[in-house]
Amino acid sequence: MLMKKMLFFLVMFFSIKTFSQSPATYSSADIYLQIKKMNVLGSVLYIAAHPDDENTRLLAYFSKDKLYRTGYLSLTRGDGGQNLLGDEQGVELGLIRTQELLAARRIDGAEQFFSRAYDFGFCKTPEEALEKWGHEKILSDVVWMIRKFQPDVIITRFPPDGRAGHGHHSASSILAHEAFIAAADSTKFPEQFKYGVKVWQAKRLLWNTYNFGSINTTGNDQFKMDIGGFNPLLGKGYGEIAAESRSQHKSQGFGVPAQRGESEEYFSLTAGDGMKNGLMDGVDTTWERVGDAKNIQAKINTILSQYNFEHPENSVNDLVALHKTIKQLPDGYWKNKKLDELKNIIVECAGIFAEAFSDQQYAVEGDSLHVNFFVNKRNDADVYLKQIQFPSFDSSLSDRLATNRDFSFSKIFPVAVDQPVSQPYWLVKPLQEGSFNVSDQMLIGKPQNDAAYEATFIFTVNSEEIAIKKPVQYKYTDPVKGEVYEPLCVVPAVTAHLNQAVYVLDGQPEKEINAEISAQKDLAVNVNFNATNNWKINNGKLNGNISAGSTENIKAFIIPSTNADESQLDLTVDKINDSKGLQYTAPLLDERKISYSHIPDIIYFKPAEAKLEKINVIVKGNSIGYIAGAGDKVPQALQQMGYDVKMLNEADINDEKLKQFNAVITGVRAYDVDPFLSSKYEVLMRYISNGGNLIVQYNRNQAINNSIKMAPYPFSVSGTRVTNENAEVHILLPNNSALNYPNKIGPKDFENWIQERSTYQATKLDSHYLAPLGMHDANEPESNGSLIIAPYGKGNFVYTGLVFFRELPEGVAGAYRLMANLIALPQNK
Ligand SMILES: [Zn+2]
């Protein structure tokens, strides 16, 4: 997340624009720009901590104006941020934000990379970030990326100190500096050399200083340049491209307006050689850097000068000749890079459209996959289709492609029983506290997995062989959206989904659990529940047939053991048989699908397991109304406690309806995202005054402090947060009902919290408020705004920045007991 000043308050309003992985199309102008880029051999790597930290305008400028190879290394995937779109948190949010970054990069033209660092949430110092991530581990990832990418110039977004605002930010700057030095040192991380990288010394390391209003780190002694130009080949300025790119961060509500006009960027030298005229001072960005290759420069200039915008195919002969010349150069980084670029340019100039697609979204293990291969050459270039390669299939062809004639065929392929499922590579192994575990060095840094299946089309263009790889995608036509492309995923034949991730037992002798077993094939299965620590499971077996596309529900009862408060539940399958007699055993996986219109469908797998927790919580009252906010899993937790939870929409918020509830709770950031709540102020205040308890979970400060009325008495929402999940909690009002009835709250209730204590705390409290809890992070003053309560009429108003939305879904006992007390706040006489 960037500085708070940059967080504009945004109404959630997205135009319905179908995400597409539709094949990119290239106009003559696009191709011309790519040919120009063939003459530029320079590269820039931008380094920061999160998706959305990057300076998209600068990336667009480097990539589309200077034509450098441009990369953004985001140390984390933004797992710990907030989610304005839905209830996904943690790794699921990281999956969404990974795709948002890739969507941004498709617009600004830069490449995307990540380290293994996990975004564990806000922290205040780089020391804490580096300790949780594993300093050496993440440093090795940054060094690895520098050695692979070989940037001439490295640029950080942040300084290494407190001015960076977030511990992850300053840590990203520290790591970039250390890696700048270590990448060039053959004694550092020498184990990487066996994977084909070599030491790399970048020319300089710069800090791209900024003026975010509240913090201005720019200065007149710094190098500055104007990047606000316009690119006539694209019909856009870099401020316009940047806005489109940045507006992809929809989960963060970072839509921004396009900017036109001059725009100065400032750079301060951190390490390496100084500069006078430009960022690339002292770097040869011409073909001379690969030896005696002046003739290549001249050839490209000739192609550019003769380029016919109406007939790009006229350049094919010269481009193929150029391909032959570059191939003869000694092997090296730029040779490979430029051959790749040139291959695509030849394909585009020759008007070749090639794709492989399926009408299935899923390739089911042990089943089959239907693939269509399609080629059309749309101009008169002389092209033969020589071969199509696909796993276990190699078609030799020798078809001269006729102009604008469709060439296609389809084939059915078996999917191996042990074909790896499409699990994002960083989630294959369990997450450590602060980092992902990835054992294959070659995967580190990659934004995502390669496609599950790829087809290679081999063409002969003027007797030169050109091979291009295409992912097999799922393609279908939606009556509203039109043609849609989504990733093709490998999935298991049978999956299981438990109705809760945490089952809480508060004194009951047993509790019902439900599992859905879904099959993608006709199968005979034998599914069992298992629990650790001598917890018992009654019933809950599926032993029989299940047909493709169907789901069976299994009901079971858990009985806690007398001597263990916790248990782990999982689902196993003894045998899976299909009609062909295939037999395999597998731990059952829970398939999760995340769908938003601005990014491709995301599919990943979790183990089909749940936490079982015995929590000693006394619950009073039984009926709760819940007004969903930006998305959280608090309602499910309330149901676990035995409450009857009704989700309330705008029309439900009236006097008649509300009076049935013991408490009304608003979901996280409800007042930020539900504009209708403004007009419900009077109804909600009457509800409290008549004896109800209104519990408002945290909201962001901007909206609340400016206009929206939420509470009976004034207070402000601050940006104060307590990020240490173990920060000591001080009981300031020991007799307050919230800490005593019906559950006696003590220090034990603040044990085992995750990620943080509180966020967006209340401040400037009116004298009617009671603040029973105090807490603070190290070296910060105590704050009492994490929980405030005001009696109003017969009922009570509560605002809380305590992160119930994180703790309840994790089964944190104290959070359950405290929430039960807030719901049970007694009526005033
Ligand atoms: Zn950030």
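Where in the structure is the place of aspartate 52?

Reply: Aspartate 52 is in the loop between β1 (43-48) and α2 (56-66). Strands (E, at least two residues) and helices (H or I, at least four) are DSSP runs, numbered from the N terminus. Before going on: this is a predicted model, where local features need pLDDT of at least 70 and side-chain atom pairs count only at pLDDT 80 or more, while totals for chains, interfaces and linings use all residues. Residues are numbered from 1 along each chain as its sequence is written, and side-chain values use heavy atoms, with hydrogens and water left out.

Aspartate 52 has a phi near 95 degrees, a positive value in a residue other than glycine. Most residues other than glycine have a negative phi, and most peptide bonds are trans. Aspartate 52 counts as buried because its relative accessibility is 0% (buried is under 20% relative accessible area, exposed over 50%, partly exposed in between, with a 1.4 Å probe and protein chains only).

Asparagine 752 also has a positive phi, near 65 degrees, but asparagine 752 counts as exposed, at 63% relative accessibility. You'll find asparagine 752 in the loop between β37 and β38. Proline 742 is in the loop between β37 (729-731) and β38 (762-763) too, and the peptide bond leading from tyrosine 741 into proline 742 is cis, with omega near -5 degrees.

While you're in that neighbourhood of the sequence, look at arginine 757: its charged end sits over the ring of tryptophan 753, 5.2 Å from the ring centre. The rule here is NZ of Lys or CZ of Arg within 6 Å of the ring centre and within 35 degrees of the ring normal. Arginine 77 has its charged end over a ring as well, that of phenylalanine 114, 4.2 Å from the centre.

The whole structure has 36 aromatic pairs (ring centres of Phe, Tyr and Trp, the last by its six-membered ring, within 6.5 Å; planes under 30 degrees apart are stacked, over 60 edge-to-face, the rest tilted). One of them joins phenylalanine 373 and phenylalanine 390 edge-to-face, with centres 5.8 Å apart and 80 degrees between the planes. Phenylalanine 373 lies in strand β12 (residues 368-377) and phenylalanine 390 in strand β13 (residues 383-390), so the pair ties together parts 17 residues apart in sequence. Phenylalanine 373 counts as buried at 1% relative accessibility, and phenylalanine 390 counts as buried at 5%. They belong to one aromatic cluster, along with Phe393, Phe407, Phe409, Phe413 and Tyr453.

Last stop, a sheet. Four strands make an open sheet, in the order β20-β22-β26-β24, with antiparallel pairing (two strands pair if DSSP finds at least two bridges between them). The edges are β20 (494-498) and β24 (536-539), each pairing on one side only. Four bridges join β24 to β26 (residues 551-559), the two running antiparallel. To spot one of these contacts on screen, pick isoleucine 537: its bridge partner in β26 is isoleucine 558.
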